[in-house]
Amino acid sequence: MEKTLIIAEKSSLAIAVVKALKAFNKQNGYYENDKYIVSWAKGHLFELYDVEKYLGVDKMAWKDTKLPFIPQDFKFGLKDDDEIKRRYKILKELVNREDVKEIVNCGDAEREGQIIIDLIIANIGTNKPVKRLWLPEQTEETIKKQVNNLPDNSKYKNLHDECLARTYLDWLLGINITRYLTIKAGTLLRAGRVLIPVVKFVYDREMLIKNFKPETYYQLESSLKVGDIDLLLSIKDKKFNENEEEKAQRIATELNKNKAIVTKIEKKETRKYPSKLFSLDNLQGLLSKNYKINFSTSMKAIQSLYLKGYLTYPRTNSEYMGEAEKDKVKEILSKLSDFNVEFKDTKKIFNDSKIESHSAITITTKIPDIEKDITDETEKTVYKTVFNRFISNFLKEDTIIDQVIVTLKVADEVFEFKGESIKQEGFLKYEPQKIENNLPKLEEGENFEVDFKPVKKKTTAPKKATEDELGNFLKNPFRSEKTTEDEEYKAIFEGIEIGTNATRTGIIENAIDINYISRKNSNLSLEPLGEKLIEVLDKLNINLYKEKTVEFSKILKKVYKGEKKIEEVIEMAEKELEQIIKTEIEIEKIAKNDLKEEIGKCPICKKPIYEGKTKTGKITYSCSGYKEGCKFTLWETMNFNKENQVKLTVSKVKKLLEGKTIPAKLKSTAGNEYEANLKLVVENNYPNLRFDSFVKGKKKK
């Protein structure tokens, strides 16, 4: 009996297919019934040769390799991993079985999934027809439907070519620029097409913060008390520099000759509309902003929910669903009758012109009991977030807001205050927003005394970059506040982006792992190695920042559309690399201490203090002048006295070196707990912690 071999990208997808098609027997590395054989890969089984393999040598010093290195023909080899070799052997035997008459590529529904299975089939070599199982979601209904509607795998040739072009491009840039930078700088500096702009974004923000100089200015303000409510009249469009206080006071004095008059009270009823369905970027951004879930954690949870069949395919850049999905939505809504929903046939939800390859992330017909079926807390949060957005877009009940707008005038200055209250809750029940009405009761014509004064203020430094901001930058590095939605989608279709939905999270994590940047909650900071990377790139006149990276992205998009060939991408990369490497610029090698953060100055010799580790793994904070004989060292754990040891962190050491005190929980000789402020003292050229004062209200008993 003739059989169809379905090769899934991973075992979890294979199991989902088996469960949907029923009645399989488990074999050694695959499942089989009278019609189908289902097996799986293990992600990428093949990888591009490294430089040494192309050259036919085991090892070669990077400085001995002529750059740029451009292979005549790119070659893939099976990864040197026992489990991967075993999987490939199983797949090869299955492909070559006489009863297998047709092969199905069941990689994930994106470029990586396409190429993973294509490479396996190509390396095995077969003339058997190859079909494609494209799964926008992993519910049983969808799998059954798609298995009965298998297009030829050749339909996805452009996707295959684009992925190959992207793979070759990233190899060429990553290998050549990493080696070039490392040779020049004398320190390993990994580089990549997307990695560089990621680090550059954080670098630019850190430089703004570092170079920020606060400026003093004056702004005219008057408080206005009406009953129990305070209103602040603030003239925000007029600022006076720190030398114009007298001028500001003169204008304030003139204003105070007038009264604040209520010139208009407008009451109106407005409708609020829910936000659009989620693209991956928007979902991850919201989860980061509202729930402090970093991109890596949210991606794992979103992917897990997709694999379980609860969410549609996640790696999408669209916030819309396709016209062909209307019946599916009606089926989902039929299962949500308790939520007062109705089908809405609107372009705000269904719009083919705003979809490149995948629709927005939504719930599926497989609706779980959230508390029972989803045990992971992050997955619960993610599912509820997507569920609530879906419900919000199909609610029968409108969201109606009563709005009051009060206008006051003082001479020629106009002040507007808004207050809102909920008349009909609608989607706010599922996606709450801050709705407040803190306005006092006022009537037109009422007037009040004012007392404007110049209020001294200071400009504030920019805030740390967040993952959400970085994600938005990578999605469209040229976006501005004036960018319209149509312009946004035009940019997506033209390839004006850095990386893809499938790769950005991984690249950010890579930048963290390499120690170019660090993350605390959702904030991103630049590490010394990341700063050196950008400095070295600038010294060598290598500009692979957003403009150049978008050029590469645009040509890759043209490969996807069939407008460019893979060879043109390689040619573009080759020209860029030759341009970079032909410039003979020599730079100073990076010293080891240049890659460390200077914690402070040594109290003894005034040289920098750096964090370090002993051979046994203990953390120290030591003077860089040790070669000249300075013995200043603080240990991660310092003895305060016989009864107490104090743990030091970088932030605490910084304070001590600045002459400040640090709080510590201590025990008296009698065993009683107390809190004290400790200071750093140097005695006979050795540092010690000494008592300074009791923490307020925490005296020794």
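1. Helices (H or I, at least four residues) and strands (E, at least two) are DSSP runs, numbered from the N terminus. By that count the protein chain has 20 helices and 27 strands. Asn-515, for example, lies in the loop between H16 and strand S17 (517-520).

2. The model is predicted: local features need pLDDT of at least 70, side-chain atom pairs count only at pLDDT 80 or more, and totals for chains, interfaces and linings use all residues. Residues are numbered from 1 along each chain as its sequence is written, and side-chain values use heavy atoms, with hydrogens and water left out.

3. Overall dimensions. The C-alpha trace of the protein chain spans about 95 × 75 × 65 Å along its principal axes. Of its 701 residues, 50% count as buried (buried means under 20% relative accessible area, exposed over 50%, partly exposed in between, with a 1.4 Å probe and protein chains only). Among contacts (heavy atoms within 4.5 Å) between residues at least 6 apart in sequence, 69% join residues at least 24 apart.

4. Backbone points. Most residues other than glycine have a negative phi, and most peptide bonds are trans. The phi of Asn-515 is near 80 degrees, a positive value in a residue other than glycine, and Asn-515 is partly exposed, with a relative accessible area of 39%. Lys-22, in the loop between H1 and strand S2 (25-26), has a positive phi near 70 degrees and is partly exposed at 42% relative accessible area. The peptide bond from Leu-67 to Pro-68 is cis, with omega near -5 degrees; Pro-68 is in the loop between helix H2 (51-55) and strand S6 (76-78).

5. Helix packing. Helix H1 (residues 11-21) and H5 pack at an angle of about 85 degrees, with their axes 9 Å apart. Axes are lines fitted to C-alpha atoms, for helices over the stretch in contact, and angles run from 0 to 180 degrees between N-to-C directions. H1 and H5 are therefore roughly perpendicular to each other (angles under 35 degrees count as roughly parallel, over 145 as roughly antiparallel, 65 to 115 as roughly perpendicular and the rest as oblique). The H1 side of the contact is Ala-16, Val-17, Lys-19, Ala-20 and Leu-21, and the H5 side is Glu-140, Ile-143, Lys-144 and Val-147.

6. Pockets. On a 1 Å grid over the protein atoms alone, a cavity is a set of points where a 1.4 Å probe fits but cannot get out, and a pocket is an open set with protein on both sides within 12 Å along at least five of seven lines; lining residues have an atom within 4 Å of a point. Grid points are joined across faces, edges and corners, and a volume is the space filled by probe spheres set on the points. The largest pocket has a volume of about 1,200 Å³. Its lining holds 46 residues, of which Trp-134, Pro-136, Ser-357, His-358 and Ser-359 lie nearest its centre. H5 gives the most to this lining, with four residues.

7. The second largest pocket has a volume of about 990 Å³. It is lined by 30 residues, with Arg-166, Thr-167, Asp-170, Trp-171 and Ile-507 nearest its centre. H6 supplies the largest share of this lining, seven residues.
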